Amino acid sequence: MAVRSWVIVALALVLAVGPLVLDSYWIGLLTQIVILAILAMSLDILLGYTGLPSLGHAAFFGAAAYAVAVLSTTYRADFWTSVVAGIAVGTALAAAFGLIVSHVRDVYFLMITLALGMVLWGLSYRWIPVTGGDNGISGIPSLEAHAGLPVAGPAAFYYVTLIVFVLCGALMRVLVRSPFGLTLRGIRENEARMRSLGFNTWLHCYLSFVIAGAFASVAGVMWAYYNGFVSPTYLDLTASSELFLMVTLGGPATLVGPLLGAGAIVLLKNVMSAYTARWLLILGIVYIVAILAAPKGIWNLGGRRSG
Amino acid sequence: MTYFITQSLNGLFSAALLFLIASGLTLAFGVMKIVNIAHGSFYMLGVYVAYTVVQRTGSLLLGAVVALLVVGAVGFVMQRVFLRRFPSDPLAQMMMTMGFALLFRDLALMIWGGDPFTLPYPAGLRGSLEAGEVVFPSYRLFVIAVAALVGAALWLVNAKTLIGARLRATVDDPEMASAIGINVARLSGIVFAVGAGLAAFGGVMGGPILGGYAGIDFDLLPLAFVVVIVGGMGSLKGALVGSIVVGMIDNFGKALVPELSYFTLFAPMMLVLALKPTGLYGRA
């Protein structure tokens, strides 16, 4: 337990004061880690806490990013309209997909979310008049300028992101510890028993799916502002499974795990691709080794039963 | 009317390719409950291996045989060495196949480079057949016929042989099957290898028209998954019906509303899932 506390303190320290001493390249990486951590944590609500393995989770992230991109460029919408609409589009999509997938479980859930995610990817790829196809949409204004903040630059954006991350993280932590969150874990462990105790398990799974979609949308909005452009790679299968890897590598059902996982993948990706073009090969090996060596994730390595 | 017939035949050609890919996917799912992300990679490896053989020897037939055997062996090793360590953990298996999918894609890029290519047409199938006003490439008809033959052979094995009976028993209830002495682990390896080989064979069949390029693995994978979802996971008959439904809809969708291709697959999937969540021929 003590080791874990120290890790959390160290992580908090790096996230809080790191950008004050790091150069803009590393601030950029930290920003990526924090945004993707929100996304990975949102998947963790589904995958880790509810036991619903979604392989299409990047779809909501991508849809929210596209909504921000289309509104802020084509329609020149103001900041709050873009942000609210981005989150609304991603969440609405999750609400629609949730209706279809909430009564299936396990491998079926995996396969159907995969197919739904790919369908949406196909739409972003081919619906060229709106999405710009393979080229995506560029020219999204910087968040600082769009929101009319008095400060600008990578560090300013990072701290905005960090505030969003802390808010989302705190909300998710409250959620998974609430009676609702405990019910989700109950469903993960034994759905039939929960149902016989009188819980509406379909509704719980559905809400879990929509809530996870909403947090993924928040991450999508931040990502659109971070990159300044969107492209179909945001919602493809590789994105969804990388996300999956972040959660399983870090440790499902822990919330800290996905942050670690996101950090590991982002750092590995950027550091390795500086040295070699064979990044996919290495990522492939990481998948295989991670599953063989730490099937329960880094955060659960000490043998603690995941919460 | 001519347009309609031509497009339907094109749809059947897509269905034929999809059936070759999806039959292995659905059988592997039925026996092992595995969601195989690397299944599209088997198709891709098939095209590339055949390409090398054709360049060396000039024979597409030899290319098809070698591709089937090599990729089948790759699938067998993958199942026996890696996947079977996680017999009751579909998530670990899925992650593992994802790792292999990335590995195969990068290896293919390393070995064969990134330039797209097509396989040559087999001799005598270059032209087209004419019936009244309908002109249709004979190679596409050939592929439809081959897929029909493969389907018939699979059905025969499944329905009339001892190994087919074991297969059906395992799909129905793996625990019970192993309790009455069926070697489920070995059967899984065989099914996985056959599925990989069939996907590779599909790659060779599609090679003269779709060719090979980086990314073809993930282009076809969603279509194969929709086939399996619509037809019912684990069902060979479902794979056949699903292939035809998806092949037709995808083809007409691409012809009529090109911007919405892929998205047109949404409709059949929704409809089936709403009415019968296990797919047309699947069992819960």
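Let me begin with the contact between the two chains, to which chain A contributes 33 residues and chain B contributes 32 residues; please keep in mind throughout that this is a predicted model. On the side of chain A that touches chain B, three helices each supply at least two residues, namely α5, covering 106-126, α12, covering 237-250, and α14, covering 279-293. Of these, α5(A) provides the largest share of that side, with 12 residues. If we sort the side of chain A that touches chain B by residue class, we find 25 nonpolar residues, together with 5 polar and 3 charged ones.

Along its principal axes, the C-alpha trace of chain B spans about 60 × 45 × 35 Å.

What percentage of the 284 residues in chain B is buried? The buried residues of chain B come to 52% of the 284, where buried means that 20 or more other C-beta atoms lie within 10 Å of the residue's own. As for how the chain is tied together, if we take the contacts in chain B with a separation of 6 or more, 75% of them are accounted for by residues 24 or more positions apart.

Notes:
Residues numbered from 1 in each chain as written. Chains lettered and ligands numbered in written order. Predicted model: local features only at pLDDT ≥ 70, side-chain atom pairs only at ≥ 80, totals over all residues. Contact = placed C-beta atoms within 7 Å. Helix = DSSP H or I, 4+ residues; strand = E, 2+ residues; numbered from the N terminus. Nonpolar A, V, L, I, M, F, W, Y, C, P; charged D, E, K, R; others polar. Buried ≥ 20, exposed ≤ 12 C-beta atoms within 10 Å, placed from the backbone.
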